[in-house]
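Please read this briefing alongside the sequence and the coordinates. It covers one protein chain.

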Amino acid sequence: MKAPTDTATAFPLVLVSLMKGVLWREDDERRWSQLLSLQARVRDHVVPLGLALEVDEADGYAFLRQRPQEPGEEPLPRLVPRRPLGFKVSLLLVLLRKKVAETEAGGGDRRVVLRKEDLVDLLRQFLPTTTNEAKLVDQIGAHLNKVVELGFLRPLRGREDEYEVVRLIKAFVDGEWLEKLLAVYRPLPEASGAEPEGAREAGR
């Protein structure tokens, strides 16, 4: 009988894990080890599906993203959906990515932990001024919840209103992403706080 770690068993389990979302080393050390040994085979398997495997061994995560279409290649349906984001959520992602970069540059603890009030202050400076503080906090809270839903912020257990910035954000908010955001940016109208034209989209 073959051992449970045999590649015949491990390969489909690794693929299923990746198809379901991000594979984290800290969540499943065994599956992570299997991925590392099988990643060349996984890459070859997903290319015909229009996907690419992204692995960050330093931060311990892997995921599948839609790969760029090659010249002359027949378009394939997207397997990884894009999710439209409002401008303020996109801006918050950029600010969080900046926090990660600052922490890395400073050395020491690589974790980025922020309180809700820190996050409110971070975004507040880019929003129209208002006399309704409670409404502003509620609006920013809704943006934070969206970022949590996207998987870039993680509420800390047992620590009320504290969040850790998930390092996966580095793989999504890069120079190209920022250029596209700036390309659609329009100054927020002071009175209305309206969204700029052309909201960003998120997708692997």
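Predicted model: local features only at pLDDT ≥ 70, side-chain atom pairs only at ≥ 80, totals over all residues.

Residues are numbered from 1 along each chain as its sequence is written, and side-chain values use heavy atoms, with hydrogens and water left out.

**Whole chain**

- The protein chain has 7 helices and 8 strands; helices (H or I, at least four residues) and strands (E, at least two) are DSSP runs, numbered from the N terminus.
- Of its 204 residues, 39% count as buried, where buried means under 20% relative accessible area, exposed over 50% and partly exposed in between (1.4 Å probe, protein chains only).
- The accessible surface comes to about 12,100 Å², and 52% of this belongs to carbon and sulfur atoms; areas come from the Shrake-Rupley method with a 1.4 Å probe, and for residues only the protein chains shown count as cover.
- Among contacts (heavy atoms within 4.5 Å) between residues at least 6 apart in sequence, 61% join residues at least 24 apart.

**Sheet E1-E3-E2**

- In general, strands of a sheet pair through backbone hydrogen bonds, either parallel or antiparallel.
- Here 3 strands make an open sheet in the order E1-E3-E2, with antiparallel pairing; two strands pair if DSSP finds at least two bridges between them.
- Strand E1 (23–24) and strand E2 (51–56) are at the edges with a single partner strand each, so one side of each has no neighbour in the sheet.
- E1 pairs with strand E3 (residues 61–66) over 2 bridges, and Trp-24 has Tyr-61 in E3 as its bridge partner.
- E2 and E3 are joined by 6 bridges, and Ala-52 stands opposite Arg-65 in E3.
- The hairpin of E2 and E3 has 4 residues between the strands, and Gly-60 in the turn has a positive phi of about 75°.

**Cover on the sheet**

- In E3, 6 of 6 residues are buried: Tyr-61, Phe-63 and Arg-65 point one way, while Ala-62, Leu-64 and Gln-66 point the other way.
- Helix H2 (residues 29–46) lies across E1, E2 and E3 and runs at about 150° to E2; axes are lines fitted to C-alpha atoms, for helices over the stretch in contact, and angles run from 0 to 180 degrees between N-to-C directions.

**Asp-59**

- Asp-59 sits in the loop between E2 and E3 and counts as buried because its relative accessibility is 12%.
- Its side chain makes a polar contact with the side chain of Lys-170 (2.8 Å); such a contact is a pair of N or O atoms within 3.5 Å, where within protein one must be able to donate a hydrogen and the other to accept it, and residues adjacent in sequence count only if both atoms are side-chain atoms.
- Leaving aside neighbours within four places in sequence, Asp-59 is in contact with Trp-24, Arg-25, Arg-110, Arg-167 and Lys-170.

**Glu-164**

- Glu-164 belongs to strand E7 (residues 162–165) and counts as buried at 12% relative accessibility.
- Beyond its neighbours within four places in sequence, Glu-164 has contacts that include Arg-111, Val-112, Phe-152 and Arg-154.
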